[in-house]
Amino acid sequence: MFELDLTAELDRQFTVCNACRYCEGFCAVFGAAELRTAFGERDLAYLSNLCHDCKMCYDACMFSPPHEFNVNVPAILAEGRAQTYERYGFPRVFARFFRTPLTAASVFTLAGIVVTLLAVVASAGVAALWTQQLGSGAFYRVVPYSALVVPAIALALYGVAILAIGAVDYAADIGPGFAFLSPASVGRALHDALTLVYLKGGGSGCYDVHRGSQLRRVFHMLVFWGFLCDFAATTVAAIAQGFFGRLPPYPLLSVPVILGTIGGIGIVVGAAGLIAIKRASDPQPASGRMIAMDYAFLATLELVALTGLALLAFRSTNMMGTLLGVHLGALVGFFVTAPYSKFVHFVYRSLALVKNAHEQRDVSHQPP
Amino acid sequence: MSDVDVVVCGGGNAALCAAIQARRNGATVTLLEAAPVHLRGGNTRHTRDIRFAHYGPNAAATETYSEQELLDDLLRVTEGETNRPLAELTVRESLTLAQWMQQQGVRWQRPLRGTLQLGRTNGFFLGGGKHLVNTYYETAIRLGVRVEYEAAVRAIECDGTAVRSVVYDRDGAEYRVRCRAAIVAAGGFEADVEWLKEYWGPAAEHFLIRGTPYNKGIALKAMFAVGARQTGDPRGLHCIAVDARAPKFDGGIVTRIDAIPFGIAVNRLGERFYDEGEDLWPKRYAIWGNLIAQQPGQTAFAIFDAKVMGHFIPAVYRPLCAPTMHELACLLELEPARLVTTVDAFNASVAPGGAVQLGVLDDCTTRGLTPPKTHWAQRIDTAPYYAYPLRPGVTFTYLGVEVDADARVIRHDGDAFENLFAAGECMSGNILSRGYLAGFGLTIGSVFGRIAGTRAAARYVRA
């Protein structure tokens, strides 16, 4: 459940917003708010995740603190997102990790690395950590194929299942029901999500490092497409191995390595940029819980990408064994925490965008 | 020896247009804003759209709004009481405003919901007035304008007909800037309750000020002190009905109440005092503030029933609500029998059979009632009953200094100061002497800000 105070505060603040409406041009949140006269838990779940956190509404608000109306929409919606993630997290006992994101990320990543290195030592002997391995199948001489692929698939399936459970519960709540998931709405939402149109602030950019910055959208794009490139690289590698019997490591000018390198660099630059922006931003229009989740998730991503690139750079040296262990361990940390980290944001935000596309379908932009 | 070419006194739209324009024309510029940085921008913070003439649709507005049409609208609301050459100049200069604003980084958006009637005549800038102000400050600072916050201009020092320096206070200390020209664009005096009381008596204590608490008219007084000629009715206020629960200052647009035509308005005695159905928005918007200012305690109540709830733009405070009129009167601390009598008399006088049509002047009227309700009259008979407590909310004052077509301030003797200019609310009374035209205050401020900036810089800077 959401904290009652937060819902009451949402109702109070959006009553001010609905009487003003100046922020209508920045994003979809205000247009959605105008369709409502009172705000409850479903509205909090919906509007929180519809918000892309550009913060322009705070910068443009004449009623932001120290005004007595004390309107701070980005802060309340960020807190609403943090609470959404926990509320729809499954099982409940693990959803607690959302409350301590930095600890969870550190512990699971460290544990992942230690366990993986121990597994390497147990299966290939301690010397595998600093023995040069060359040629086809070099990685599998350090970590046997089955030891790599079984945990990876298990973790991935677990993550997908957890996200799906959260998605179904969330959609049923904000819908309410599933009727809003029409092809037209999904198509529109896909466009809005892939273009990150609501990080444009209606053309004015975001309020972070400076007013009107377009950097958040750029860095987020780098992380997102970087992640997809790495996913594609892994898929291509799996096909090369499964169907054509070619074992890694692959040559520098092969599809998996090129895609993986582009993706890795995208994530390294994008995540570092997002961390830097967060550090430079005004702390007022934000939620402490959400910021902690952001840092934890970005740091985990950054570690996975950096260790991946390091492995690529030094795979022909005697450091390969250790680097492979560390990279795989970081990946374990990432995938274990993913369903309980900021990673989940895309699920709820995408559904909120679909809901918005659905409920705005009949609303003219120029009503009477 | 000057410290700076141009000093701009004020920090809202007109001041920023003047500062940007002077700087773009090569002058060194210092802008003195009385407010701290997070409250900068004067009443511009509460604006959202600007009116300008244009031929054909553009990025900011739809269709055509000709110069003649804009001038006619101005003459209509001012009932012809305007400085005609300055009015025509404003209209002509407004043609290039939208593009000029875009060049300073302003972005346009579609008209906000519920404001379609302004989509042809007015441009809505993205994010409203505070975002506009933020955009202008960034542009001005990037161009090299020096901005001093919490710098309240106290005096203008002249040598004959020429300004030599401007004196301002900050943190209790006094500073003097020697300049080659000064532009005053520091708003009206509506935030100085003592000054309002000179014209309105103790009633002014009960006025709420919709805008910045920094519009105390100090710079306006400074201009009068050096012999600027006065224009506009000193008692003139633009004043609307706002929720009595609103803050004393800076309630902006969200405290306005537009519920009166949907029911009746009564004063503290529980009596009606004016035709609630007289006219459409925006005329009705502009009259109720003054009407309430004339009622006992400067208080009134908009009373309506469940039938019309939700038919008007919601305000920031929910209306008070009770299951019977008697209980509503108790909530409002009115004499219950009195209010019930007033409502019963109103209900009995509503001509039967009419279908209320909001948005047009329909023929639903009262019969034999004084004062009558000449449109949208329908019985108040469906529980629960609702009320908004009302107070006059002051938007701006009309008193200002007289200027010429170069935005130069006119002296008592009829000559202009060589290098003292004015723009915005402190001179808009030359053109908008009375009445209200949505978005036109910004038009005057932008036009005269630009003119003042250009002229002030042109005097001293060689191309």
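This is a predicted model: local features need pLDDT of at least 70, side-chain atom pairs count only at pLDDT 80 or more; totals for chains, interfaces and linings use all residues.
Local features are given only where pLDDT is at least 70 and side-chain atom pairs only at pLDDT 80 or more, while totals for chains, interfaces and linings use all residues. Residues are numbered from 1 along each chain as its sequence is written, and chains are lettered from A and ligands numbered from 1 in the order in which they are written.

**View 1. Helix H1 (residues 13-24) of chain B crosses helix H11 (residues 440-458) of chain B.** Helices (H or I, at least four residues) and strands (E, at least two) are DSSP runs, numbered from the N terminus. The two axes, which are lines fitted to C-alpha atoms over the stretch in contact, come within 7 Å and cross at roughly 30°. H1(B) and H11(B) are therefore roughly parallel, a term for angles under 35 degrees. Among the residues that meet are Cys17(B) and Ile20(B) in H1(B), and Leu442(B) and Phe448(B) in H11(B).

**View 2. Chain A touches chain B.** Here 28 residues of chain A are in contact (C-beta atoms, placed from the backbone, within 7 Å) with 26 residues of chain B. On the chain A side, helix H1 (4-20) and helix H4 (56-60) each give two or more residues, and H1(A) gives the most, with 5 residues.

**View 3. Strand S12 (residues 237-243) of chain B is mostly covered.** In S12(B), 7 of its 7 residues are buried, meaning that 20 or more other C-beta atoms lie within 10 Å of a residue's own, with C-beta atoms placed from the backbone. S12(B) pairs (at least two DSSP bridges) with strand S16 (residues 385-397) of chain B in the antiparallel sense over 7 bridges, and Ile240(B) stands opposite Gly393(B) in S16(B).

How values were computed:
Axes are lines fitted to C-alpha atoms, for helices over the stretch in contact, and angles run from 0 to 180 degrees between N-to-C directions. Angles under 35 degrees count as roughly parallel, over 145 as roughly antiparallel, 65 to 115 as roughly perpendicular and the rest as oblique. Two residues are in contact if their C-beta atoms, placed from the backbone, lie within 7 Å. A residue is buried if 20 or more other C-beta atoms lie within 10 Å of its own, exposed if 12 or fewer, and partly exposed in between; C-beta atoms are placed from the backbone.
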